[in-house]
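Hello,

Below is the structure you asked to see, with notes on what was found in it. Please read the notes with the model open beside them.

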Number of protein chains: 4
Amino acid sequence: MISVNRLDLDDARVMLEAAKAKAVEIGVPMCIAITDDAGNLVAFERMDGGKVTSTTIAIDKSYTASGAKKATHEYGEASQPGAPAYGIASAIGGRLMVVGGGLPVILDGACIGGIGVSSGSPAQDTEVAQAGVDAVLAKLG
Amino acid sequence: MISVNRLDLDDARVMLEAAKAKAVEIGVPMCIAITDDAGNLVAFERMDGGKVTSTTIAIDKSYTASGAKKATHEYGEASQPGAPAYGIASAIGGRLMVVGGGLPVILDGACIGGIGVSSGSPAQDTEVAQAGVDAVLAKLG
Amino acid sequence: MISVNRLDLDDARVMLEAAKAKAVEIGVPMCIAITDDAGNLVAFERMDGGKVTSTTIAIDKSYTASGAKKATHEYGEASQPGAPAYGIASAIGGRLMVVGGGLPVILDGACIGGIGVSSGSPAQDTEVAQAGVDAVLAKLG
Amino acid sequence: MISVNRLDLDDARVMLEAAKAKAVEIGVPMCIAITDDAGNLVAFERMDGGKVTSTTIAIDKSYTASGAKKATHEYGEASQPGAPAYGIASAIGGRLMVVGGGLPVILDGACIGGIGVSSGSPAQDTEVAQAGVDAVLAKLG
């Protein structure tokens with residue numbers, strides 16, 4: 001039997017609020033998803049003006065980051081033509097996201113969850129996701 | 001062109017908080033989803049202890065209630081063997097939910113969104129969903 | 001609560017007729033889909049000779065354009081190898097279309113719907129889609 | 001943050017061996033799946049002669065049992081025509097299994113995983129699944 005740690009709903013709410021504050025600061029209404037260590041959704045919000053298509057994309061970025069324990073933009077690099085993971089973007093029925101905006105939450109070397117953000121540019125999405133990660137690590141660290 | 005009203009994120013948060021309070025009161029940790037008038041997800045929370053399988057079920061109950069403008073338990077009655085809508089439960093890739101726990105939000109005769117709840121019995125799910133509906137109608141009414 | 005504007009069926013019919021006229025003019029029978037601001041289908045026609053595979057593609061182009069509030073060919077540019085959105089083409093179960101032929105309908109800065117066209121080259125599809133957009137903006141503007 | 005316990009691979013192997021021994025005893029080659037507390041697959045074996053269709057069914061029975069924290073045959077009873085959960089069998093894209101053969105592993109009141117068995121009758125499947133549960137509880141209890 002293994003004992004693992006995972007984000008709870010209170011952690012997820014802290015992440016959502018910090019991410020929304022950053023989204024307001026940069027002026028881009030976002031879809032924001034939080035998943036636990038197993039990739040299952042814990043909390044989600046679509047800010048007024050967030051894109052409809054980004055609903056699923058945010059959830060799948062968070063699923064990918066927490067499930068694979070790495071940032072989605074790392075897959076972006078690894079899946080370029082000629083690179084080892086080329087073509088992985090369509091895996092898992094397209095849920096494996098290689099576009100920036102998904103980050104894992106790593107605490108003491110273990111992945112306890114993730115966050116996925118979508119509606120802006122990948123750089124903006126990642127910036128907002130990072131604000132969520134920073135907030136929960138400050139809370140738990 | 002049509003002008004329509006729909007739940008915004010603030011409305012969704014009011015619904016989530018009221019639904020969670022009812023869930024705590026009856027002692028069942030729930031998955032709770034809020035969708036807009038088009039069936040697209042606005043907000044979601046899985047309370048600590050909510051069922052993993054209920055993540056999708058709550059979202060799909062809300063999608064059904066807001067998209068079809070009726071309570072999911074009404075489909076339950078209409079889809080019994082021999083009834084007119086028999087077999088509809090598997091429509092839309094299984095997203096059409098006929099189990100209680102999904103309610104539309106009707107304001108001035110128009111559906112502006114919905115709520116879906118899952119993890120308890122269908123009666124408990126519906127009771128928690130109703131608390132969410134009551135709260136937002138009190139806010140907007 | 002938010003009030004939003006969206007295409008109605010009369011608008012969609014105007015778009016379809018204008019797009020079909022352009023398709024006849026360039027000699028390519030097309031599949032043409034109109035979605036509302038939420039990405040849900042309002043109207044669809046497959047002209048005699050339109051491709052079977054283009055049925056889904058046209059619907060998904062329109063879904064992408066209206067849901068993401070941008071032309072699908074913009075995604076095509078942004079998702080080239082090495083570009084920031086590389087790999088997004090397979091998102092949402094492959095519904096996120098990055099091939100030209102999907103256009104949003106933007107009125108007074110808000111997206112009120114979209115059109116997706118498929119069966120010709122991406123340039124032809126976009127030309128036909130533009131005819132639909134021009135017609136509805138002339139009607140509503 | 002929540003700390004949870006879940007089956008590890010060694011536990012899953014113990015369950016598989018015990019389930020296979022029971023399957024041999026009753027003379028039915030089975031598909032056997034073990035999932036963790038989050039419903040994600042840990043181990044799977046299709047015995048020589050196990051049904052191809054049972055591959056997915058065993059996995060989904062285990063997913064349902066661990067994700068919903070109850071035996072799949074309980075859903076079978078609750079989802080009969082006229083019963084409260086009627087129609088739930090097609091939820092989650094059909095992954096929600098209401099046919100017997102899926103059991104959760106409950107230790108000290110918490111669900112730490114599940115087992116799903118398919119290829120025999122539901123009664124046979126459940127008997128084989130129970131052998132797996134008994135073995136892991138004897139190991140961990």
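**Findings**

In helix H4 of chain D, the buried residues are Asp125(D), Thr126(D), Val128(D), Ala129(D), Ala131(D), Gly132(D), Val133(D), Ala135(D) and Val136(D). Buried means under 20% relative accessible area, exposed over 50%, and partly exposed in between, with a 1.4 Å probe and protein chains only. Helices (H or I, at least four residues) and strands (E, at least two) are DSSP runs, numbered from the N terminus.

This is a predicted model, in which local features need pLDDT of at least 70 and side-chain atom pairs count only at pLDDT 80 or more, while totals for chains, interfaces and linings use all residues. Residues are numbered from 1 along each chain as its sequence is written, chains are lettered from A and ligands numbered from 1 in the order in which they are written, and side-chain values use heavy atoms, with hydrogens and water left out.

**Chain D**

H4(D) covers residues 122-140, which is 19 residues, and reaches 27 Å from its first C-alpha to its last. That is close to the expected 27 Å at 1.5 Å a residue, where the expected span is 1.5 Å times one less than the number of residues. The cover over its buried residues includes helices H1 (9-26), H2 (53-68) and H3 (72-78), and strands E4 (102-107) and E5 (110-118), of chain D. Contact here means heavy atoms within 4.5 Å.

Four strands of chain D form an open sheet in the order E3-E2-E5-E4, with antiparallel pairing. Its edge strands are E3 (41-46) and E4 of chain D, each pairing on one side only. Two strands pair if DSSP finds at least two bridges between them. On average, neighbouring strands of this sheet are turned by 15 degrees against each other, direction ignored. Six bridges hold the antiparallel pair E4(D) and E5(D), and Leu103(D) stands opposite Ile115(D) in E5(D).

Two helices pack on this sheet. H1(D) touches E2 (31-36), E3, E4 and E5 of chain D, and its direction makes about 25 degrees with that of E3(D). H2(D) touches E2, E3, E4 and E5 of chain D, at about 160 degrees to the direction of E5(D). For these angles, axes are lines fitted to C-alpha atoms, for helices over the stretch in contact, and angles run from 0 to 180 degrees between N-to-C directions.

**Chains A and B**

The same surface serves both copies, as 100% of the contact residues of chain A recur in chain B.

Strands E3 (residues 41-46) of chains A and B run antiparallel and are joined by three bridges. The open, antiparallel sheet there has eight strands, in the order E4(A)-E5(A)-E2(A)-E3(A)-E3(B)-E2(B)-E5(B)-E4(B). E4 of chain A and E4 (102-107) of chain B stand at the edges with a single partner strand each, so one side of each is left without a neighbour in the sheet.

H4 (residues 122-140) of chain A lies across E4 and E5 (110-118) of chain A, at about 15 degrees to E4(A). H2(B) lies across E3 of chain A together with E2 (31-36), E3, E4 and E5 (110-118) of chain B, at about 160 degrees to E5(B).

**One residue in chain B**

Thr64(B) lies in H2 (residues 53-68) of chain B. Is Thr64(B) buried or exposed? At 2% relative accessibility, Thr64(B) counts as buried. A polar atom of its side chain lies 2.9 Å from the backbone oxygen of Asp60(B). Leaving out residues up to four places away in sequence, Thr64(B) touches Lys69(B), Lys70(B), Thr72(B), Tyr75(B), Arg95(B), Leu96(B) and Met97(B).

Regards

Key: A polar contact is a pair of N or O atoms within 3.5 Å; within protein, one must be able to donate a hydrogen and the other to accept it, and residues adjacent in sequence count only if both atoms are side-chain atoms.
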